[in-house]
Amino acid sequence: MTSQTPDPHTPEMPPVRAPSAVPIDDSVLPFEVGALDLRGRLTRLGPSLDELLEKHAYPTPVGKLLGEAVVLATLLGSALKFEGRFILQTQTDGPVSLLIVDFQAPDRLRAYARFDESRLEPGLSSGALLGKGHLAMTIDQGPDMSRYQGLVALDGGGLEEAAHEYFLRSEQIPTKVRLAVGEEWRGGEGGRHHWRAGGMLLQFLPKAPERARQPDLHPGDAPEGAEVHAVTEDDAWVEGQSLIGTVEDIELIDPDLSGERLLYRLFHERGVRVFSSLPLRAQCSCSREAVSGMLSRFSPQDRADMVKDDKVVVTCEFCSSVYEFTPEEAGVEPSDS
């Protein structure tokens, strides 16, 4: 998965200008550092993330973890070059047993988390909240196209670690990911905390593929004392990793620091080129028609079992919208009694 950027071999270069001082929330900013053969994307989320999380009033640790998943989904899903869907989903045995982020290209987001509040303890890391299980990343190109899915084992690590493992094993592209989520207090009458998040994905994409070689994966059954395969990392990628390693969480979520200024702060010595930002918005795809279609796929007995107080009520897990149907509208067959 690489950035949606123009052909790097295009001879025409845009004019040099100062980085924008105006922060733009709810967007993905593609960029490249040509001198180091680096490409990447920078996500900044504000009101859209707040809308996604506040619909469920998640406990802070759960909201933070789901926010990280949303940021990761935007960094990966924004690379789609067609109007499909990128779905990020975890299933684990931890206190947060399920995370789902549905990114519908080019800009629509919805997300949901399932958790056991009795198992939430202060100070649990993202990895401890997730526990053991797997992370699935699915690209859905539409009803007439095959799906692509990548799986990564989760074994007590967080989403950043899982993303690195995915790119190492599946894409084999040298990649580093940074994710940050926090709450911002806005005072005044009715003041409350608002969610903010940011993330950066950086990839090493040299023209000569041998420069991007990485060590072979451990076979798992090598005898004790066997020599481990090692590859000397390219100097450009070493520098790139060093630079992204200096990014602090507060810089990724700072509402007063524009994405362009953050990239300039990191890469100005080498020169960084940014492209048009991609807007993001929180919008669920549920509708009364879609829910009705879903009900039609249940068996007659299952639909009959859904009737409570002479109606069928369906609540969307993503946006909490409630849809009510009469038994007849839900396709419940009249009883013989």
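β4 and β5 pair in the antiparallel sense over eight bridges; strands here are DSSP E runs of at least two residues, helices are H or I runs of at least four, and both are numbered from the N terminus. Two strands count as paired if DSSP finds at least two bridges between them. This is a predicted model, so local features need pLDDT of at least 70 and side-chain atom pairs count only at pLDDT 80 or more, while totals for chains, interfaces and linings use all residues. Residues are numbered from 1 along each chain as its sequence is written, and side-chain values use heavy atoms, with hydrogens and water left out.

Back to β4 and β5: a hairpin of three residues connects them, and Val96 has Phe115 in β5 as its bridge partner. On the β3 side, β4 is joined by seven bridges, again antiparallel. What about burial? Strand β4 (residues 96–104) has seven of its nine residues buried, so the rest of the structure largely encloses it. Buried means under 20% relative accessible area, exposed means over 50%, and partly exposed is in between (1.4 Å probe, protein chains only).

## The whole sheet

Zoom out and you get an open sheet of six strands, ordered β7-β6-β3-β4-β5-β12, with mixed pairing. Its edge strands are β7 (148–155) and β12 (281–282), each of which pairs on one side only. At the β12 end, two bridges tie it to β5 (residues 108–115), and these strands run parallel. Arg108 has Arg281 in β12 as its bridge partner.

Helix α4 (residues 159–171) lies across β3 (85–92), β6 (132–140) and β7, at about 130 degrees to β7. For that angle, axes are lines fitted to C-alpha atoms (for helices, over the stretch in contact), and values run from 0 to 180 degrees between N-to-C directions.

## Around Thr175

Which strand holds Thr175? Thr175 sits in strand β8 (residues 175–186). It is buried, at a relative accessible area of 9%.

The side chain of Thr175 reaches the backbone oxygen of Ile173 at 2.8 Å, and it also makes a polar contact with the side chain of Gln203 at 3.4 Å. A polar contact is a pair of N or O atoms within 3.5 Å; within protein, one must be able to donate a hydrogen and the other to accept it, and residues adjacent in sequence count only if both atoms are side-chain atoms. Leaving out residues up to four places away in sequence, Thr175 touches His164, Phe167, Leu201, Leu202, Gln203 and Trp237, where contact means heavy atoms within 4.5 Å.

Cys284 counts as buried at 19% relative accessibility, whereas Cys286 counts as partly exposed at 21%.

## Confidence

The protein averages a pLDDT of 88, and 88% of the residues score at least 70; pLDDT is the predictor's confidence in each residue, from 0 to 100. Over residues 1–13 the pLDDT is below 50, and this stretch has 35 contacts in the model beyond near neighbours in sequence.
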